[in-house]
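Dear colleague,

Please find it below, followed by an account of what was found in it.

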There are 2 protein chains.
Amino acid sequence: MEKRREEAERCECMHVHEDMIKEVHAHMPDEEQLADLADFFRVFGDTTRIRILYVLMCSEVCVCDIANLLGMTQSAISHQLRVLKQMDLVKNRREGKTIFYSLADGHIKSILSQGLEHINE
Amino acid sequence: MEKRREEAERCECMHVHEDMIKEVHAHMPDEEQLADLADFFRVFGDTTRIRILYVLMCSEVCVCDIANLLGMTQSAISHQLRVLKQMDLVKNRREGKTIFYSLADGHIKSILSQGLEHINE
DNA sequence: ATAACATATGAACAAATATTCATATGAAAA
DNA sequence: TTTTCATATGAATATTTGTTCATATGTTAT
């Protein structure tokens with residue numbers, strides 16, 4: 001029976017109160033904000049990007065210096081810098097042939113620190 | 001020529017000072033910490049997990065209530081709760097057949113808030 | 001014991017992602 | 001103008017990831 005099949009995946013328990021359901025929905029960010037939040041944190045979810053951010057914490061650096069510092073190809077770094085730029089975590093500035101990248105936002109450092117705090121218990 | 005090929009990907013510029021290179025490496029977390037950091041933030045990089053965390057901010061809830069609240073299958077929620085648990089973001093407690101989940105850590109809320117702050121500029 | 005229910009989990013699949021390779025762009029130097 | 005160099009980008013590929021489906025585990029009630 002179809003009905004049984006549908007219900008197979010749903011459990012019927014309901015420990016939660018009516019007003020709690022309302023509270024949850026009241027505090028839940030809307031779909032767009034949720035997506036933006038996830039996108040934002042996903043950027044920090046890659047060691048290459050985190051390394052780049054740590055480099056930029058020290059100083060403004062050009063793409064190829066980052067590549068050399070991290071021992072990776074220019075292309076890989078460039079692709080990741082684009083991701084970081086799209087998320088407004090870094091900004092850049094041209095000087096002749098060279099393009100210098102720097103942190104766009106002061107509290108990037110504090111977000112990474114909080115992450116470190118957590119993983120070090 | 002092999003040499004040309006190798007160098008094709010590496011640029012030779014070096015705007016960076018010697019002591020800067022040292023400073024970068026001094027401040028850079030080691031490989032293990034980088035991986036842990038990335039793992040930690042990647043957990044926040046999915047809307048389902050973020051939604052679960054927002055639910056748990058309101059109260060301790062059982063798996064199937066979360067599933068019902070979010071309109072998702074029990075299995076999907078269970079898989080994600082495992083991820084959250086592995087990362088020590090949630091804890092659980094058994095009461096008969098039911099297993100109640102709750103936030104493991106107070107500063108999860110503050111991390112999400114910082115994320116929201118950033119995306120709202 | 002057996003049935004019923006809440007949760008967990010392994011396998012399979014589709015979608016997203018990071019890197020590489022080859023090449024394009026854009027600026028300075030020759 | 002042509003070459004050179006720093007950077008960007010599109011396509012291809014391998015890996016990771018989220019969900020589903022089917023089923024296992026573990027607890028309570030019958």
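To begin with one residue: is B:D88 buried, partly exposed or exposed? With a relative accessible area of 43%, B:D88 is partly exposed. Please bear in mind throughout that this is a predicted model.

**The residue D88 in both chains**

B:D88 lies in the loop between α6 (74-86) and β2 (90-95) of chain B. Most residues other than glycine have a negative phi. B:D88, by contrast, is a residue other than glycine with a positive phi, near 60°. Leaving aside neighbours within four places in sequence, B:D88 is in contact with A:H118, A:E121, B:A104 and B:D105. B:D88 and B:V63 are separated by 25 residues in sequence, and their C-alpha atoms are 17 Å apart in space.

In chain A, A:D88 is placed in the loop between α6 and β2 (90-95). Its phi is positive as well, at about 60°, although A:D88 is not a glycine. The relative accessible area of A:D88 is 42%, so this residue is partly exposed.

**How the chains are related**

Two copies of a chain are related by a rotation about an axis and a shift along it. Here, chain A is superposed on chain B by a rotation of 180° with 0.0 Å of shift along the axis, and the RMSD is 0.1 Å. This is the relation of a two-fold axis. The same surface serves both copies, since 100% of the contact residues of chain A recur in chain B.

**Aromatic pairs between the chains**

Over all chains, the structure holds 7 aromatic pairs. One of them is formed by A:F41 and B:F41, which are stacked, with 6.4 Å from centre to centre and 10° between the planes. A:F41 belongs to helix α3 (residues 31-43) of chain A and B:F41 to helix α3 (residues 31-43) of chain B, so this pair joins two chains. Both A:F41 and B:F41 are buried.

A further pair consists of A:F44 and B:F41. Their ring centres are 5.2 Å apart and their planes stand at 40°, so the pair is tilted. This pair also crosses between chains, running from A:F44 in the loop between α3 and α4 (47-58) of chain A to B:F41 in helix α3 of chain B. A:F44 counts as buried because its relative accessibility is 0%. The relative accessible area of B:F41 is 0%, and B:F41 is therefore buried.

Which residues do the ring pairs link into a cluster? The cluster is made up of A:F40, A:F41, A:F44, B:F40, B:F41 and B:F44.

Another residue of helix α3 of chain A is A:L37. With a relative accessibility of 0%, A:L37 counts as buried. Apart from its neighbours within four places in sequence, A:L37 is in contact with B:F44, B:I50, B:Y54, B:L112, B:G115, B:L116 and B:I119.

**Helix packing within chain A**

Two packed helices are described by the angle between their axes and the distance between the axes. For α4(A) and helix α6 (residues 74-86) of chain A, the angle is about 80° and the axes are 10 Å apart. Angles of 65 to 115 degrees count as roughly perpendicular, and α4(A) and α6(A) are therefore roughly perpendicular to each other. On the side of α4(A), the contact is made by A:T48, A:R49, A:I52 and A:L53. On the side of α6(A), A:I77, A:Q80, A:L81, A:V83 and A:L84 take part. By class, the contact of α4(A) with α6(A) has 6 nonpolar, 2 polar and 1 charged residues.

**Two further residues of chain A**

A:S102 is found in strand β3 of chain A. At 14% relative accessibility, this residue counts as buried. Not counting residues up to four places away in sequence, A:S102 touches A:L56, A:E60, A:L89, A:V90 and A:K91.

A:G106 is located in the loop between β3 (98-103) and α7 (108-119) of chain A. Is A:G106 buried or exposed? Its relative accessibility is 65%, so A:G106 counts as exposed. From A:G106 to A:A76 there are 30 residues in sequence and 25 Å in space, C-alpha to C-alpha.

With kind regards

Key: Residues are numbered from 1 along each chain as its sequence is written. Chains are lettered from A and ligands numbered from 1 in the order in which they are written. This is a predicted model: local features need pLDDT of at least 70, side-chain atom pairs count only at pLDDT 80 or more; totals for chains, interfaces and linings use all residues. Side-chain values use heavy atoms; hydrogens and water are left out. Rings of Phe, Tyr and Trp (its six-membered ring) pair if their centres lie within 6.5 Å; planes under 30 degrees apart count as stacked, over 60 as edge-to-face and the rest as tilted. Helices (H or I, at least four residues) and strands (E, at least two) are DSSP runs, numbered from the N terminus. Buried means under 20% relative accessible area, exposed over 50%, partly exposed in between (1.4 Å probe, protein chains only). Axes are lines fitted to C-alpha atoms, for helices over the stretch in contact, and angles run from 0 to 180 degrees between N-to-C directions. Angles under 35 degrees count as roughly parallel, over 145 as roughly antiparallel, 65 to 115 as roughly perpendicular and the rest as oblique. Contact means heavy atoms within 4.5 Å. Ala, Val, Leu, Ile, Met, Phe, Trp, Tyr, Cys and Pro count as nonpolar, Asp, Glu, Lys and Arg as charged, and the others, Gly among them, as polar. Copies are superposed by least squares on the C-alpha atoms of residues with pLDDT of at least 70 in both.
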